[in-house]
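Work through the exercises below with the model open. Try each task before reading its solution.

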Amino acid sequence: MSNIDKAIECSQELTLLYVEDNQDAREMTTMILEDFFDNLLVAINGEDAYKKFIQHKIDIVITDISMPKLNGLELCKKIRETNKNIPLVILSAHNQDNFSKDIMKYGVNEHLLKPIDLEELAKLIYKLTKHIL
Amino acid sequence: MNKEIINTLLISFTLAILYFITGKFSLLFLHGCSIINMGIFAAEGIALGFILFFGKKVWTGIFIGQFFLAYSNDIPLLVSVGIAVTNSFEALLGYCLFKKFKLNLNLSTFRDIFYLIGIIIFIQLISASISNTLLLMSDVISIKEYLQSGFSWWFGNVMGQLLFTPFLLLTFINYKTIQWSEYFAYVFLFASIIYFLEIILEMKNLLLLLSISIPFIVFVVSYRGFAYGTAMSIVLALVSSYSVYLGHGVFHLNNKLDNIINYNLFILAHISMVFITGVLFEERKRNLLTLETKISFETNKNKEQQLLLLQQSRLAQMGELIAMIAHQWRQPLNNLSLANQLLISKYTKGKLDDKTVMTFKEHSQKQIKHMSKTIDDFRNFFKAEKKSQDFCVNDVISHILDITQNIYENHSIELNFVKMPKLYSHGYPNELGQAILNIINNAKDALIELDKEHKYIEIELLNRENTIYLLVKDNAGGIAEDIQEKIFDPYFSTKKDKNGTGLGLYMTKMIIDEKLHGKIYFYNTDEGVTFEIQLKELNNAT
């Protein structure tokens, strides 16, 4: 069974909150993620995401890092304050050695570099969700 | 080769003629006294001047001139030959000593002058001794007259050389640079004054005469140079010799010898003044020249450094440009990658429908266009402008905001432009854009380092009394006092560890000062720093 299939199997039941401020990226990623998650929530910025997080029962969050208003790291910090266990994934274009250490302070579990590789995303989703199920 | 020989012959012949004529003149001036006297013997000075300048090959001129001079004054043939040989030898000895001590022909140092005086005194001592011994042996003078005659010979010849040798050397050397009309004007004016005082006014007080003639000669030498002074000494000697001849003024004493002694000392006083002032003038000229060379050397070094700076700042700018394009391209590249993966993902799942393909097509096209536009924007922005032009300052700012906006968003920095009615200026808009960009980039770098909620950069545009005030404000904490004086210095950077070149603000200041003829200031505010750029406002912009 491929990683992607495994991920799909694991995640069908889960609710994902995907946060991205860039419209194009959001639309395409959403189309891809729809195949993994039946329950997919999409937010257009940090504030919007936090609102949706409060309103719904979310199992996993994938968020872009740089956004106006509330950025990805701040969002993660806020979410982590209310929920200690939820898996949080940050998407970013940065690739600096110190960066991974920095984001851990905000309670982020995983860090995925842009441009997103579907295979890697699937692996990550599998890794983060298999123990929830 | 032939030409050289002809030249030498011509020079020697001229020297012989000059030697004979001036020698005759000196003797005539002494009223038919014998050849042994204290009169200034110009011929000797001319001989030494010629041999020092043209070389020892012209010695025959001295020999011939002296021989005919002596022989025509009723001195026996053999003695005349002896005196001619002695005088030629004396000049050659002077030449050799001059070379040995490596003296300069332009007599520009005290060493040159003092050594030359020493050489003259020495060679004339030898020459006077030998010549007078010859005269004694041939009974032209008696043993009683020997000492007196020897001294007179020596003194007269020394004076002749002190007066004429420097004059000839300096004239030969400087004849191309001397402004002859002015030169003759000074010499003629001096001669007229001396003539007026000595001959017409018959001034009897030597000290009064000196107090007029010496300041004049010192003034001209220190103002125009050594060569002028030597010429003035000669006209002084000529006019005064006429005065001695007439027995006028200061030279009115009954004893002719006393008059001649007074005359010689009077001339000597002027020669000493000319020598001292002349060397001082030359030294000053040399110092000025050294200073000028140093200045031009430093100026050139400075220019080279400026060029280097310019190249380095171009490189830094290029690095900046690449970094900015890279940053701008990240999002569209990511989106293209997503579109690609979307297509593949749908295809592998057998879900590739028309809608997906259309989405793929639209998004891909959009991203590619976006990337292409980014390149164009940056290329236009960094394009060097050859000509200054009228431009709208608001447009420059808007353009910067366009190309940098998403960098600032990524760092959660609010970049605002307080809109104003359009203001126009004249200069190089792209350069101004780069200057502003350097300032806001610095603000951005400072803000990124800070851990604070609300980070902003604000650009404000005002106009007052034909001046445009472009303010760039931030809330990044301001510039520390101890570095405030240095921020516009080249290579000064607080970000050396982060690839800061220290050229950004230096270039900014250069652009504002030199390309836009504006001014740039900065001051700390409560929250951060404000940079103020002042530009001339254009009123009749089209």
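**Exercise 1. The interface**

How many residues does the contact take from chain A, and how many from chain B?

Solution. This is a predicted model. Take each side in turn. Chain A puts 16 residues into the contact. Chain B puts in 19 residues. Next, look for the main contributor on the chain A side. Helix 2 (residues 23-33) of chain A gives the most to the side that touches chain B, with six residues. Last, sort that side of chain A by class. Nine residues are nonpolar, four are polar and three are charged.

**Exercise 2. The fold of chain A**

State which elements chain A has and in what order they run.

Solution. Count first. Chain A has six helices and five strands. Then read from the N terminus on. The order is α-β-α-β-α-β-α-β-α-β-α. Now turn to burial. Chain A has 133 residues, of which 42% count as buried. Finish with contact range. Take contacts in chain A between residues at least 6 apart in sequence: 59% of them join residues at least 24 apart.

**Exercise 3. A helix pair in chain B**

Describe how helix 10 and helix 11 of chain B are oriented to each other.

Solution. Two packed helices are described by the angle between their axes and the distance between the axes. Start with distance. The axes of helix 10 (residues 256-348) of chain B and helix 11 (residues 354-382) of chain B come within 9 Å. Now the angle. These axes cross at roughly 175°. Angles over 145 degrees count as roughly antiparallel. Helix 10 and helix 11 of chain B are therefore roughly antiparallel to each other. Close with the residues of their contact: 14 are nonpolar, nine polar and one charged.

How values were computed
Residues are numbered from 1 along each chain as its sequence is written. Chains are lettered from A and ligands numbered from 1 in the order in which they are written. This is a predicted model: local features need pLDDT of at least 70, side-chain atom pairs count only at pLDDT 80 or more; totals for chains, interfaces and linings use all residues. Two residues are in contact if their C-beta atoms, placed from the backbone, lie within 7 Å. Helices (H or I, at least four residues) and strands (E, at least two) are DSSP runs, numbered from the N terminus. Ala, Val, Leu, Ile, Met, Phe, Trp, Tyr, Cys and Pro count as nonpolar, Asp, Glu, Lys and Arg as charged, and the others, Gly among them, as polar. A residue is buried if 20 or more other C-beta atoms lie within 10 Å of its own, exposed if 12 or fewer, and partly exposed in between; C-beta atoms are placed from the backbone. Axes are lines fitted to C-alpha atoms, for helices over the stretch in contact, and angles run from 0 to 180 degrees between N-to-C directions. Angles under 35 degrees count as roughly parallel, over 145 as roughly antiparallel, 65 to 115 as roughly perpendicular and the rest as oblique.
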